[in-house]
Amino acid sequence: MHMRVAGIELGGTKTLVVAGTEGRIEQRIRFPTTSPHETLAQVSAALREFDAISRIMAVGIASFGPIRVDPRAADYGTILATPKPGWSGADVVGPARIRQDLPINIDTDVNAAALAEHRLGAAQGCANVIYLTIGTGLGGGILVEGIPVHGVLHPEVGHIRTRRAAGDAFAGNCPFHKDCIEGLISGPALAARFGCDPATCGPDDARWVQVARDLAELLAILILTHSPQRIVIGGGVAIGQPAILEQAGRILPDLLAGYLGDFDTARSKATLVLPKLMEDAGPIGAMLLASAGEGCTPVHGKLT
Ligand code: ADP
Ligand code: ZN
């Protein structure tokens with residue numbers, strides 16, 4: 001049966017609500033993410049509108065984190081401590097339940113995007129997949145055997161501390177850790193590091209080599225820990241500056257120093273790819289979560 005579902009991507013700056021079947025978006029509404037009260041009221045209204053067009057059978061939520069994704073936890077679907085004003089402790093599942101019997105499934109925006117790229121995008125046929133976004137923040141979703149990783153919470157790749165380049169004195173701008181990788185190469189970190197809007201720096205600017213080196217440190221850690229066959233890298237910084245990805249791909253085999261056998265430049269290039277679904281990866285991932293059912297791990301197989 002082809003079930004009609006809704007997907008919500010709750011992002012740091014914008015929110016997207018979509019509806020459709022089999023991972024195909026048929027309706028979409030987009031608005032800025034403001035206060036939890038205002039934003040979640042708009043989410044409920046969009047879901048009611050889509051439900052009135054044709055009945056929605058399940059909802060998936062792809063949310064910014066940190067968020068409780070364990071369905072057995074008392075605070076399931078609640079945003080944990082975040083610097084985002086007003087959002088700590090916000091329940092994002094409640095406002096989405098527009099009918100008592102409506103199943104809801106939730107994961108991080110990046111785990112959902114990884115799921116979408118795995119099923120329908122740039123990581124098809126790969127068992128272990130990582131989806132990174134380098135934008136306002138730096139986030140990472142991880143699939144092992146096609147299943148999103150949960151555990152003590154969920155992966156928080158952006159807050160890994162990487163080895164710093166010799167002579168690099170930038171303090172970093174993460175409010176929690178200063179020079180974690182998000183504090184070094186997210187869009188706002190680059191603005192602080194460069195002293196200008198990173199979008200104004202051309203592809204040949206020498207500073208991108210330093211950024212690529214920092215990214216390559218993260219990629220080496222992720223490859224050594226999770227053995228992903230593909231790392232899909234999206235977000236405004238990665239898409240706006242393709243030179244970063246290209247250079248990181250060249251540096252990576254040197255960092256691995258021959259340890260993974262044939263992980264040469266060609267293999268590196270094939271592993272690091274841009275998203276195929278682009279900005280629809282999150283909302284399509286949310287629809288895939290909906291199809292899996294409330295609190296269910298999405299598993300391989302036919303979409304319903
Ligand atoms: P979000 O992470 O909020 O979903 P984006 O993925 O669009 O949003 O990322 C926004 C960030 O990307 C901003 O910090 C912006 O400075 C940065 N950015 C946008 N375009 C470019 C570009 N061409 N080069 C470098 N950075 C860019
Ligand atoms: Zn951090």
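**Close-up 1. Helix α7 gives the largest share of the second largest pocket's lining, five residues.** In this predicted model, local features need pLDDT of at least 70 and side-chain atom pairs pLDDT 80 or more, while totals for chains, interfaces and linings use all residues. Residues are numbered from 1 along each chain as its sequence is written, chains are lettered from A and ligands numbered from 1 in the order written, and side-chain values use heavy atoms, without hydrogens and water. Among the lining residues are P242, L245, E246, T265 and L272. Two or more residues each come from α7 (242–256), α8 (265–271) and β10 (272–273); helices (H or I, at least four residues) and strands (E, at least two) are DSSP runs, numbered from the N terminus.

**Close-up 2. Here is an open sheet of five strands, in the order β3-β2-β1-β4-β5 with mixed pairing.** At its edges you will find β3 (24–32) and β5 (104–108), each pairing on one side only; strands pair if DSSP finds at least two bridges between them. Strand β2 (residues 14–21) runs antiparallel to β3, joined to it by eight bridges. Look for K14, which stands opposite P32 in β3.

**Close-up 3. Helix α2 (residues 109–120) packs against helix α9 (residues 281–292).** Their angle is about 85° and their axes are 7 Å apart, so α2 is roughly perpendicular to α9 (65 to 115 degrees). Axes are lines fitted to C-alpha atoms, for helices over the stretch in contact, and angles run from 0 to 180 degrees between N-to-C directions. The contact (heavy atoms within 4.5 Å) includes L115 and R119 of α2 and I284 and L288 of α9.

Key. Parallel < 35°, antiparallel > 145°, perpendicular 65-115°, else oblique. 1 Å grid on protein atoms, 1.4 Å probe; cavity = no way out; pocket = protein on both sides within 12 Å on 5 of 7 lines; lining within 4 Å.
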